[in-house]
Amino acid sequence: MNINSPAPSTQHILRYSPAEFAEKGSQLYHQTVLPTLGIQSDDMIVAIDIETGEFELADTTLAAAAKMFERLPAAQLWFERVGAQSVHRFNSVYPAVLLS
């Protein structure tokens with residue numbers, strides 16, 4: 001048994017192509033989820049099951065995914081950061097005054 005691979009019961013199988021996944025997730029976020037969120041949700045992570053449209057809000061992707069998988073173990077999750085163009089930031093740009 002390979003200890004680095006997940007147990008069969010925890011494996012997650014993707015059922016959509018990357019393009020179809022992104023299209024469904026983005027469409028659900030903009031048309032269904034975003035209109036229901038208030039300003040207090042800004043900068044939170046939303047995990048959306050692209051098959052049911054159900055979603056959860058949390059501070060991190062891990063927490064949002066855990067909430068969704070608890071309810072829907074076979075969920076196909078799409079993540080968005082409310083009020084931002086991307087979920088994660090890979091670098092930060094600081095004004096020169098902060099660097100000196």
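Let's start with Ser41, which is in contact with Leu57 and Val82, leaving aside its neighbours within four places in sequence; contact here means heavy atoms within 4.5 Å. You'll find Ser41 in the loop between H1 and S1. Ser41 is buried, with a relative accessible area of 5%, and buried means under 20% relative accessible area, exposed over 50%, partly exposed in between, using a 1.4 Å probe and protein chains only.

A quick word on what we're looking at: this is a predicted model, where local features need pLDDT of at least 70 and side-chain atom pairs count only at pLDDT 80 or more, while totals for chains, interfaces and linings use all residues. Residues are numbered from 1 along each chain as its sequence is written, and side-chain values use heavy atoms, with hydrogens and water left out.

Now the overall layout. The protein chain has three helices and three strands, in the pattern α-β-β-α-β-α along the sequence. Those are DSSP runs, H or I of at least four residues for helices and E of at least two for strands, numbered from the N terminus.

The strands form an open sheet with the order S2-S1-S3 and antiparallel pairing; two strands pair if DSSP finds at least two bridges between them. At the edges are S2 (55-58) and S3 (77-81), each pairing on one side only. S1 and S3 share five bridges in the antiparallel sense, and one to look for joins Ile45 to its partner Arg81 in S3.

What lies across the sheet strands? H1 lies across S1, S2 and S3, at about 55° to S3. H2, residues 61-71, also lies across S1, S2 and S3, running at about 145° to S2. For these angles, axes are lines fitted to C-alpha atoms, for helices over the stretch in contact, and the range is 0 to 180 degrees between N-to-C directions.

On to the packing. The largest nonpolar core has ten residues, among them Tyr16, Phe21, Leu37, Ile50 and Val82. By nonpolar core I mean a set of buried Ala, Val, Leu, Ile, Met, Phe, Trp, Tyr and Cys residues joined through side-chain atoms within 4.5 Å. Two elements give two or more residues to this core: H1 (18-33) and S1 (45-49). H1 gives the most, with four residues.

Have a look at Phe21 too: beyond its neighbours within four places in sequence, Phe21 is in contact with Leu14, Tyr16, Ile50, Gln76, Leu77 and Trp78. There is also a second, separate core of nine residues, including Ala58, Ala64, Ala75 and Leu77.
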